[in-house]
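Here's a quick briefing to read alongside the sequence and the 3D view. Have a look at the fold, then go through the points below.

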Amino acid sequence: MLLSQWLPLSEIPAQGHIFSFQDDSRWTQLWEKFAIDCQMNKSLTTSLEVLPQPGGVYFRGSLQGQVLMSCSRCLEPGHVDINHTIDVYESFESDLDDPPGYRPLKYEHGQWWFSLWQLTWEHFVLALPDKPLCSRDCKGICPSCGENINSGLCACLEETGDPRLAVFRNLKINL
Ligand SMILES: [Zn+2]
Ligand SMILES: [Zn+2]
């Protein structure tokens, strides 16, 4: 399983431990597996402090980098900055309520284990925009010919000119 790599919590000292990791090929595999349209632009770096508590574990840190996603208006690749703060407390207690495989903690062979990839992946998905854009003022594609009109008007838009005037032109034709 791509998301596994469970580490025993017993190996973390009481004062906590900070993990930093970066693995482009693993991200690429995950995007393929979950059919997420992403390409790495600036390597995603995770930095996470694991702090054991009597009733659970604190995970604190950040996920940073930059990916390329297809713009939802023009379909060209757009830069998406990932700059996400992670600050969660996972309790041992709620383990039974959640389906297995959706938590960064699990109890097995008489001890607790944690998965930093599980946690990181969850936060990565949360950090993704619903509608990625190549730029905030992307003009998208022409609805009639499908041409990208960010670089200039396509032939059909040039012909009709200002769309606000089109209604008057139509009036003339109808007369
Ligand atoms: Zn665009
Ligand atoms: Zn057009």
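Two strands count as paired if DSSP finds at least two bridges between them. Helices (H or I, at least four residues) and strands (E, at least two) are DSSP runs, numbered from the N terminus. This is a predicted model, where local features need pLDDT of at least 70 and side-chain atom pairs count only at pLDDT 80 or more, while totals for chains, interfaces and linings use all residues. Residues are numbered from 1 along each chain as its sequence is written, and chains are lettered from A and ligands numbered from 1 in the order in which they are written.

**The big picture**

- You'll find 4 helices and 7 strands in the protein.
- Going along the sequence, the elements come as β-β-α-β-β-β-β-β-α-α-α.
- Of the protein's 175 residues, 18% are buried, meaning that 20 or more other C-beta atoms lie within 10 Å of a residue's own; exposed is 12 or fewer, partly exposed is in between, and C-beta atoms are placed from the backbone.
- Take the contacts (C-beta atoms, placed from the backbone, within 7 Å) with a separation of 6 or more: 59% of them come from residues 24 or more positions apart.

- β1 meets β7 (residues 111-114) in the antiparallel sense over 2 bridges: Leu-7 has Phe-114 as its bridge partner, and Pro-8 has Trp-113.
- On the β6 side, 4 bridges hold the antiparallel pair β6 and β7.

- Strands of a sheet pair through backbone hydrogen bonds, either parallel or antiparallel.
- β2 and β3 go together the antiparallel way, over 5 bridges, and Phe-19 has Leu-48 in β3 as its bridge partner.
- β3 and β4 are also antiparallel, joined by 12 bridges.
- The two strands β3 and β4 form a hairpin with 2 residues between them, and Gln-53 stands opposite Gly-56 in β4.

- α1 (residues 24-33) is hardly covered, with 1 buried residue among its 10.
- After α1 comes Ala-35, which has a positive phi near 50 degrees.
- Which residues of α2 are buried? They are Leu-116, Trp-117, Gln-118, Leu-119, Thr-120, Trp-121, His-123 and Phe-124.
- Those buried residues of α2 pack against β2 (17-21), α1, β3 (39-53), β4 (56-70), β5 (77-91) and β7.
- The length of α2 agrees with expectation, because its 12 residues should span 16 Å at 1.5 Å a residue and its end C-alpha atoms are 16 Å apart; the expected span is 1.5 Å times one less than the number of residues.

**The loop around Gly-152**

- Gly-152 sits in the loop between α2 (116-127) and α3 (155-160).
- Is Gly-152 buried or exposed? Gly-152 counts as exposed because 10 other C-beta atoms lie within 10 Å.
- Gly-152 and Lys-139 are 13 residues apart along the chain, and their C-alpha atoms are separated by 9.7 Å.

Definitions and conventions. Contact = placed C-beta atoms within 7 Å.
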